[in-house]
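Subject: Structure handover and notes

Hi there,

Here is the structure I promised to pass on to you.

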Amino acid sequence: MLPSCEPREKLVIRFEGSLDSAKCAEIETDVRGAVAGSSAPVVFDLDGVDFISSAFLRLCIYGRQQAGDHGFQIVNVGPYIKRVFKIAGLDAMLKAE
Amino acid sequence: MHRATVSPLPDVEQYFQRASAAAAVFSQFTQQQTDRVVKAVYEAAFAHRVGLAKLAQEETGLGKWQDKVIKNVVASQFVYEDIRDLKTVGIISEDPITGIVEIAQPVGPILAIIPVTNPTSTAIFKILIALKTRNPIILSPSRKAKRSSDEAAQICYRAALEADAPEHCVQWLDDCSRELTQALMGHKCLALILATGGAGLVKSAYSSGTPTLGVGAGNVPVCIERSADVPFAVEQIMISKLFDYGTICASEQAVVVEKAVAEEVAAEFRKHGAHFLSDAEVIQLERVAFDAAEGVMNPAVVGQPAAKIARMAGLDLPADVQLLLAPQGGVGPEWPLSSEVLAPILAWYVAEDFPSAVNLCIDLNFHGGIGHTVSIFSNDDARIKEFAALMNAGRIMVNTPSSQGAVGGIYNMLHPSLTLGCGTGGKNITTDNVTASHLLNIQLIARRRENQRLKQFDLNLYYDESLDAAAITRAFNKNF
């Protein structure tokens with residue numbers, strides 16, 4: 001399922017399922033393009049995500065770097081995925097909820 | 001398709017950002033996903049066993065490439081078979097009676113020190129056990145063996161990525177400086193150090209504050225007890241001592257033979273091309289084999305053939321000499337060749353009887369080899385056990401070559417390993433052959449299982465000082 005974008009006050013990109021390397025390769029260009037082109041705060045919604053790969057962590061880091069002052073958030077993170085961000089040392093930076 | 005690229009990463013933080021991300025992704029892997037990675041790495045390493053062995057020998061100038069092939073086989077095939085079926089993910093045991101459930105968790109990013117003596121085999125071994133336990137690994141190669149260690153790491157990493165392992169699950173340092181390695185050792189994100197190397201480096205690891213599985217030095221005595229099969233014993237010692245020209249730390253350093261069989265043993269050694277040095281020749285050899293100022297073996301003789309060492313010492317010996325036997329009058333600094341020398345050189349001792357032989361072995365064991373390995377050739381089970389109990393050694397080889405025997409899997413059922421713990425005597429935390437099971441944190445779920453004897457016991461009895469342990473025990477066990 002490709003991420004959906006709702007450019008209202010925030011750019012919300014919804015992800016679901018297994019975000020393995022192959023999946024990330026499919027969606028990377030669109031996601032990077034959407035983030036780079038947004039002047040609004042960026043939100044990655046991970047409701048329903050059950051696996052994240054190194055490639056997805058890189059996308060998150062990219063999102064945070066691009067959003068800068070506009071803000072970047074990751075929301076709807078279940079305990080399995082929260083743990084991944086914690087181990088990676090990225091939970092504080094990405095403000096995973 | 002993933003491509004393994006070597007990027008210069010001088011920044012310590014970058015190594016750990018990558019390792020932490022790899023650890024995070026790895027934490028999600030199932031046993032099946034993990035084992036798929038491990039199998040792929042084993043197969044790739046095994047496929048390159050000869051090329052890596054030749055590269056290691058060519059780069060270091062140590063040992064024999066054919067024997068390094070065998071080391072690579074042990075590190076890949078034998079280690080893989082040993083760890084293949086180990087449960088290392090999630091719930092690994094569940095006991096309904098005790099109510100205890102064990103869950104395996106990775107320890108986290110591992111720093112692996114790789115020695116010059118085994119630059120490809122140790123790399124392969126540590127990568128396999130790290131990936132089996134879902135731990136990302138950073139290799140710190142020896143300066144003198146960087147190319148071969150790096151090549152082994154690259155081969156393993158490429159294979160891991162092809163099997164969908166997390167990116168940067170294997171990294172290797174471009175800079176082999178002691179400064180960078182020490183900076184990594186003390187980093188807060190480092191979970192564990194696998195320190196296979198010299199005493200100074202192992203001590204640095206332990207001093208860093210990061211949990212460490214280290215090794216100690218060996219000074220292996222081999223006791224030939226009178227019940228030994230002498231031709232067999234000498235043959236096995238030759239197999240061991242000439243393996244990679246003596247570079248394995250568990251190789252025999254001294255032969256201690258009971259007088260009753262000494263002449264027969266000596267004759268057998270001569271049949272195998274060994275030369276017994278005269279007193280004058282011992283002195284000549286000492287000068288090249290041992291660095292008196294430093295009190296350690298001279299690196300120039302490590303892993304060199306006996307004939308070459310003989311020439312270095314100015315000894316007029318046959319060109320096909322296989323082993324140099326140096327009769328010694330004692331053990332200690334005044335007898336340099338009673339110390340460890342990783343080369344085809346053996347100190348030679350004749351003991352009056354078995355107790356005297358054991359005394360000499362104790363002296364040798366405690367002279368720089370505490371906790372490592374000792375060896376005995378005997379067909380007397382009681383004497384074997386007595387010998388073992390009197391030594392301070394994690395491994396007691398019986399009727400086998402000590403070099404190949406200590407690493408496990410070839411001549412015995414020890415876990416195949418290129419990191420041999422020497423226990424507290426060697427300032428290590430274990431005497432085990434380190435393997436995958438050492439790289440896990442095991443969690444225990446403890447369900448309610450009340451102590452039934454305590455439940456029926458009147459606790460007020462504990463406050464009665466007049467009741468001794470026997471009286472309390474009787475009450476505690478009443479009706480049980």
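This is a predicted model: local features need pLDDT of at least 70, side-chain atom pairs count only at pLDDT 80 or more; totals for chains, interfaces and linings use all residues.

Chain A

Chain A contains four helices and five strands. Of the 97 residues in chain A, 43% are buried. Among the contacts in chain A with a separation of 6 or more, 68% are between residues 24 or more positions apart.

Where the chains meet

On the contact count, 14 residues of chain A touch twelve residues of chain B. Together the two chains bury about 980 Å², and carbon and sulfur atoms carry 56% of that area. On the side of chain B, 47% of the area buried against chain A comes from Val25(B), Gln28(B) and Glu167(B), which is more than any other three residues supply.

The second largest pocket

Both chains also take part in the second largest pocket: α2 (54-67) and α3 (79-88) of chain A and α1 (12-26) of chain B each provide at least two residues of its lining. The volume of this pocket is about 520 Å³. Its lining has 24 residues, and those nearest the centre are Ile61(A), Leu90(A), Gln17(B), Arg18(B) and Ala21(B). Which element gives the most to the lining of this pocket? The answer is α1(B), with seven residues. By class, the lining comprises ten nonpolar, eight polar and six charged residues.

The largest cavity

There are two cavities of 30 Å³ or more in the structure. The largest cavity holds about 50 Å³ of space. Its lining consists of Ile70(B), Lys71(B), Val74(B), Phe243(B), Ile248(B), Gln404(B), Val407(B), Ile410(B) and Leu418(B). Two or more of these residues come from each of α4 (65-83) and α15 (402-407) of chain B, with α4(B) giving the most, three residues. The lining of this cavity has seven nonpolar residues, one polar and one charged.

Strand β14 of chain B

Strand β14 (residues 345-351) of chain B is worth a look in the viewer. Six of its seven residues are buried, so the rest of the structure largely encloses β14(B). Which strands does β14(B) pair with? One is strand β9 (residues 252-258) of chain B, which runs parallel to β14(B) and is joined to it by five bridges. In that pairing, Val255(B) is opposite Trp348(B). Another is strand β13 (residues 323-327) of chain B, also in the parallel sense, over four bridges. There, Ala326(B) is opposite Ala347(B) of β14(B).

Pro109 of chain B

Is Pro109(B) buried or exposed? Its relative accessible area is 7%, and buried means under 20%, so Pro109(B) counts as buried. Apart from neighbours within four places in sequence, Pro109(B) contacts Ala19(B), Ala23(B), Pro136(B), Cys189(B), Leu190(B), Ala191(B) and Leu192(B). Of these, Cys189(B) is 80 residues away from Pro109(B) in sequence, while their C-alpha atoms are 7.2 Å apart in space.

Happy to go through any of this with you.

Best wishes

How values were computed. Residues are numbered from 1 along each chain as its sequence is written. Chains are lettered from A and ligands numbered from 1 in the order in which they are written. Side-chain values use heavy atoms; hydrogens and water are left out. On a 1 Å grid over the protein atoms alone, a cavity is a set of points where a 1.4 Å probe fits but cannot get out, and a pocket is an open set with protein on both sides within 12 Å along at least five of seven lines; lining residues have an atom within 4 Å of a point. Grid points are joined across faces, edges and corners, and a volume is the space filled by probe spheres set on the points. Ala, Val, Leu, Ile, Met, Phe, Trp, Tyr, Cys and Pro count as nonpolar, Asp, Glu, Lys and Arg as charged, and the others, Gly among them, as polar. Buried means under 20% relative accessible area, exposed over 50%, partly exposed in between (1.4 Å probe, protein chains only). Two strands pair if DSSP finds at least two bridges between them. Contact means heavy atoms within 4.5 Å. Buried area is the accessible area (1.4 Å probe) that two parts lose on being put together, summed over both.
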